[in-house]
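Biologist: Hi! I'm new to this one, so please walk me through it.

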Amino acid sequence: MPPQPAQITCSSMQSKSSAEKRSNRINQRELDTKIEFMEGLVRRDPGFIDALQLLGDHYTQRGRYTDGLQIDERLARLEPQSPIVFYNLACSYALTEQFDRAALALEKALQLGYTDFNWLARDPDLKKFRQQPAYRDIQKKTRGMKIKVS
């Protein structure tokens, strides 16, 4: 007797789920290896900007938002004129639900010349922040900046 379609679907879904889990574990291990490598570089050279930026990104990808925030705060001290650094700092504050600080960091990024307004409107790291009243104020400012830029 041939298997019923529901049984085929369940077993194929089960296999796919196992394959996805295995792939996810491999990706997490690779990310952990990258983190360890970048941590070693930063230990040897605490002012290595590129390594710090990668380390912060890797921490965030791994869900280690507090660690990523510490790196972004450090970068803000090392690179006080970088709009990207302050944009990333805003993202870290948003991911740790420090929305007032996220607004201040984003304001600073805009003052320093951050202009990727399309990304700002869809960046998943800012999803919760975009629900805050402070985001509406920033949205108004970016609209004004778009008009001036055009």
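Biologist: Let's start with Glu97: where is its place?

Modeller: Glu97 lies in the loop between α4 and α5. The helix names come from DSSP: runs of H or I with at least four residues are helices, runs of E with at least two are strands, and both are numbered from the N terminus.

Biologist: What should I know about the model before we go on?

Modeller: It is a predicted model, so local features need pLDDT of at least 70 and side-chain atom pairs count only at pLDDT 80 or more, while totals for chains, interfaces and linings use all residues. Residues are numbered from 1 along each chain as its sequence is written, and side-chain values use heavy atoms, with hydrogens and water left out.

Biologist: Back to Glu97, then. What is its phi?

Modeller: Glu97 has a positive phi of about 60°, although this residue is not a glycine.

Biologist: Which residue does Glu97 form a salt bridge with?

Modeller: Glu97 pairs with Lys128, and their closest N and O atoms are 2.6 Å apart. Those two link distant parts of the chain: Glu97 comes from the loop between α4 (83–95) and α5, and Lys128 from the loop between α6 (117–122) and α7 (133–149), 31 residues apart. Lys128 counts as partly exposed because its relative accessible area is 44%.

Biologist: What counts as a salt bridge, though?

Modeller: A side-chain nitrogen of Lys or Arg has to be within 4 Å of a carboxyl oxygen of Asp or Glu. Side chains of opposite charge can pair when their charged atoms come close.

Biologist: How many salt bridges does the structure hold?

Modeller: There are 5. One of them joins the side chains of Glu39 and Arg64, at 3.9 Å from N to O. This pair also links distant parts of the chain, with Glu39 in helix α1 and Arg64 in the loop between α2 (49–62) and α3 (65–78), 25 residues apart.

Biologist: Changing topic: where do positive charges gather on the surface?

Modeller: Lys21, Arg22, Arg25 and Arg29 make up a positively charged surface patch. Patch members have over 30% relative accessible area and no salt bridge; like charges are joined within 9 Å, and nonpolar side chains (Val, Leu, Ile, Met, Phe, Trp, Tyr) within 5 Å. Lys and Arg count as positive and Asp and Glu as negative, leaving out His and the chain ends. Each charge is placed at NZ of Lys, CZ of Arg, CG of Asp or CD of Glu.

Biologist: Is Lys21 buried or exposed?

Modeller: Exposed, because its relative accessibility is 52%. Lys21 belongs to helix α1 (residues 5–44).

Biologist: What about Phe99, is that buried or exposed?

Modeller: Phe99 is buried, because its relative accessibility is 17%. This residue is in helix α5 (residues 99–111). Setting aside residues up to four places away in sequence, Phe99 touches Ala94, Lys128, Phe129 and Gln132, where contact means heavy atoms within 4.5 Å. The C-alpha atoms of Phe99 and Gln132 are 7.5 Å apart, though the two residues are 33 apart along the chain.

Biologist: And Ser92, what does that contact?

Modeller: Beyond neighbours within four places in sequence, Ser92 contacts Gly68, Leu69 and Asp72. Ser92 is in helix α4 and is buried, because its relative accessible area is 3%.

Biologist: Last one: how many helices and strands does the chain have?

Modeller: The chain has 7 helices and 0 strands. Of its 150 residues, 31% are buried. The chain exposes about 9900 Å², with carbon and sulfur atoms supplying 52% of that; such areas come from the Shrake-Rupley method with a 1.4 Å probe, and for residues only the protein chains shown count as cover.

Conventions:
Buried < 20%, exposed > 50% of the residue type's maximum accessible area, 1.4 Å probe, protein only.
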